[in-house]
Amino acid sequence: MNETIYVTGHRNPDTDSIVAAIAYAALRNACGDREYEAACLGQVSEETRIVLDRFEFRPPVMISN
C-alpha cells in the first residue's frame, strides 16, 4: 500500500519554500516510485499567491503536522 508523501518547506513558508515543495513533489512523481504531494505548514502569503496565480499553480494543501 502506497501512501501519499507530503513534501513541505519550513514552518513559516515563503515563496521559495512553497515553490521548492511543488517542484520537488513534481520531480519525485516523475520518477513514478510513490505518490508525492506538495504541502505547506502555514498560511501562504499574498506575495506567494501572486506568483502561483501568475504561473497558474494552485497553492499546496496546508497541513498541521
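Visitor: Which residues form the largest nonpolar core?

Guide: In soluble globular proteins, nonpolar side chains tend to be buried together. A nonpolar core is here a set of buried Ala, Val, Leu, Ile, Met, Phe, Trp, Tyr and Cys residues joined through side-chain atoms within 4.5 Å. Buried means under 20% relative accessible area, exposed means over 50%, and partly exposed lies in between (1.4 Å probe, protein chains only). In this structure the largest such core has ten residues: Val7, Ile18, Ala21, Ile22, Ala25, Tyr36, Ala38, Cys40, Val44 and Leu52. Helix H1 and strand S2 each supply at least two of the core residues, and H1 has the largest share, four residues. Helices (H or I, at least four residues) and strands (E, at least two) are DSSP runs, numbered from the N terminus.

Visitor: What kind of model is this, and which residues and atoms do the values use?

Guide: It is a predicted model, in which local features need pLDDT of at least 70 and side-chain atom pairs count only at pLDDT 80 or more, while totals for chains, interfaces and linings use all residues. Residues are numbered from 1 along each chain as its sequence is written, and side-chain values use heavy atoms, with hydrogens and water left out.

Visitor: Where in the chain is confidence lowest, and where is it highest?

Guide: pLDDT is the predictor's confidence in each residue, from 0 to 100. The chain averages 93, and 98% of the residues score at least 70. Strand S3 (residues 61-62) is lowest at a mean of 95, and S2 is highest at 97.

Visitor: Is Ser17 buried or exposed?

Guide: Ser17, in helix H1, has a relative accessible area of 7%, so Ser17 is buried. Beyond residues up to four places away in sequence, Ser17 touches Gly9 and His10.

Visitor: Where is His10 found, and what does His10 touch?

Guide: His10 is in the loop between strand S1 (5-7) and H1. His10 counts as partly exposed because its relative accessible area is 41%. With residues up to four places away again left out, His10 touches Ser17 and Leu41. The C-alpha atoms of His10 and Tyr24, 14 residues apart along the chain, are separated by 14 Å.

Visitor: What lines the largest pocket?

Guide: On a 1 Å grid over the protein atoms alone, a cavity is a set of points where a 1.4 Å probe fits but cannot get out; a pocket is an open set with protein on both sides within 12 Å along at least five of seven lines, and lining residues have an atom within 4 Å of a point. Grid points are joined across faces, edges and corners, and a volume is the space filled by probe spheres set on the points. The largest pocket holds about 220 Å³ of space. Its lining consists of Ile22, Ala25, Ala26, Glu37, Ala38, Phe57, Arg58, Pro59, Pro60 and Val61. Helix H1 (15-31) and strand S2 (36-40) are the elements that give two or more residues to this lining, and H1 gives the most, three.

Visitor: How many of the lining residues fall in each class?

Guide: Ala, Val, Leu, Ile, Met, Phe, Trp, Tyr, Cys and Pro count as nonpolar, Asp, Glu, Lys and Arg as charged, and the others, Gly among them, as polar. The lining has eight nonpolar, two charged and no polar residues.

Visitor: What is the phi of Glu56?

Guide: Most residues other than glycine have a negative phi. Glu56 has a positive value, near 60°. Glu56 lies in the loop between helix H2 (46-54) and S3 and counts as exposed, at 74% relative accessibility.

Terms used: Contact = heavy atoms within 4.5 Å.
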